[in-house]
Amino acid sequence: MAEELTPAESELAADAAGTEGEEQPIKQRKNGLYPGVSDELAENMSTGWADTELHGLEPIPQAEQTAARRAALSARYPGERLVIPAGNLKTRSNDTEYSFRASTEYAYLTGDQTEDGVLVLEPRGEGHSATIHLLPRSNRENGEFWLSGQGELWVGRRHSLAEAEQLLGIPAEDVRELAGKLSEATGPVRVVRGHDAAIEAALTDKVTAERDEELRVYLSEARAVKDAFEIGELQKACDSTARGFEDVVKVLDKAEATSERYIEGTFFLRARVEGNDIGYGSICAAGPHATTLHWVRNDGPVRSGDLLLLDAGVETHTLYTADITRTLPISGRYTELQRKIYDAVYEAQEAGIAAVRPGAKYRDFHDAAQRVLATKLVEWGLVEGPVERVLELGLQRRWTLHGTGHMLGMDVHDCAAARTEAYVDGTLEPGMCLTVEPGLYFQADDLTVPEEYRGIGVRIEDDILVTKDGNRNLSAALPRRADEVEAWMASLKNDK
């Protein structure tokens, strides 16, 4: 990684950037090899560059949909200024940052994914005018493009404001001037909090927590029913994820020679090649780690004879993620007890999926799956019946632990800020997408179950779209039934 600028160079760049708009001082390393910039070098670097402005750009594929979403937002809050930030870079350590991921609300309404962006809807007559505020291309005349740690020669070219307008279909302005404008604004304002401290500070005397939360809740609920573009992206995510699972099966022997990290890295490669990233930290849980719901350390051994619980999802370039789990026999064949537990979870998932249909209560699929699992636990003598008593008291939860699913979309746990009455107490509608993911987990130290059960964890998870006449399994490319899983694994190993 190249060494960044000296304090003298940083000061020069910060001063230069400040001529066009306010900007925070640039953080740089203390010990640099160059003491400063000569006038001759500054002059040399400011000239001799070709014009690279892009013209005639086509709008992004979802431009029509993002415009419709902004129109719906405008109709919901007439006469109010609405501010939706993308967020800023976050420091990972010293002068390195985490990879940037735009806030879901911002990306949903604009299709843009660049840091520091802010969408503002200004009241105009009976509606709003939308403006997207972005960082323009780094300046070549004042040296910002090579002196700033976020300049073009350091981190790559960003779109000009004119290019952004063509791509996004929204008028674009310099975001560095926005905080000052907002601080002088009058009238009612709402902002999506938690993403841009400078923007929130500019609005501190104009907003209330209650009103801002209403905006966040609205934008969360607006994402519950997916449009055709979103459904297509979720299908892409599931298809890529299925290929990632295939990749893992093909290298299980290498994982056995190393650790769960090999599985994690293998899936990550598929996510980065075909998508933007993983949608969440991959759970690559072998053996007793499968009983830890969010095992993301992925540093344990992979042993033949154990199960591998792989819970992973590819995030598309437009930030829609899959969320799929398969529990695979590392040897390629389930043991008798593993199959017994797996089949119980499969039966519960089948019951849950069958309950997903328009007009059904959201809770129905969870209740259907839990009833099957409770019945199995009673039959196996692990909990005292009858089943109705077990369900009423929630006794099955010692081994089922979690809810049977959640909404899915741009966030892996999508629509999380929605009102309870609109989400878990709500009704399913065509276009909603949710996971169905029952599981059984017998902890390694659970003395209430026979010893042979201990350390076995099984979860099966698929991404289910509610359709007008029932549902569609977006992740159906991956087998679920135990015999089909074994045959699929054998075929992949033979194809190596």
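This is a predicted model: local features need pLDDT of at least 70, side-chain atom pairs count only at pLDDT 80 or more; totals for chains, interfaces and linings use all residues.
Where is the place of Pro386?

**View 1. A cis peptide bond at Pro386.** Pro386 has its place in the loop between helix H15 (364-379) and helix H16 (387-393). Look at the peptide bond from Gly385 to Pro386: this bond is cis, with omega near 0 degrees.

**View 2. Asn298, a residue with a positive phi.** Follow the chain to the loop between strand E9 (283-286) and strand E10 (307-312), and you will find Asn298. Its phi is about 50 degrees, although Asn298 is not a glycine. Most residues other than glycine have a negative phi. Is Asn298 buried or exposed? Asn298 is buried, and its relative accessible area is 0%.

**View 3. Leu401, with a positive phi of its own.** Here the loop runs between helix H17 (397-400) and strand E13 (433-436), and Leu401 lies in it. Leu401 is not a glycine, yet it has a positive phi of about 65 degrees. This residue is partly exposed, with a relative accessible area of 32%.

**View 4. Leu73 in the largest nonpolar core.** This core holds 93 residues, and those touching the most other members are Leu73, Ile84, Ile263, Ile341, Trp380, Leu440 and Phe442. Helix H11 (residues 228-250) gives the core its largest share, nine residues. Which residues are in contact with Leu73, leaving aside its neighbours within four places in sequence? They are Leu82, Ile84, Leu109, Leu121, Leu215, Tyr218 and Leu219.

**View 5. Another core, apart from the largest one.** This one has 17 residues, including Ala360, Phe365, Leu428 and Leu434.

View 6. The mean pLDDT of the chain is 94, and 94% of the residues reach 70 or more. Take care with residues 3-27, where the pLDDT is below 50. In the model, this stretch still has 56 contacts beyond near neighbours in sequence.

View 7. The C-alpha trace spans about 80 × 55 × 40 Å along its principal axes. Of the 496 residues in the chain, 51% are buried.

Technical notes
Residues are numbered from 1 along each chain as its sequence is written. Side-chain values use heavy atoms; hydrogens and water are left out. Buried means under 20% relative accessible area, exposed over 50%, partly exposed in between (1.4 Å probe, protein chains only). A nonpolar core is a set of buried Ala, Val, Leu, Ile, Met, Phe, Trp, Tyr and Cys residues joined through side-chain atoms within 4.5 Å. Helices (H or I, at least four residues) and strands (E, at least two) are DSSP runs, numbered from the N terminus. Contact means heavy atoms within 4.5 Å. pLDDT is the predictor's confidence in each residue, from 0 to 100.
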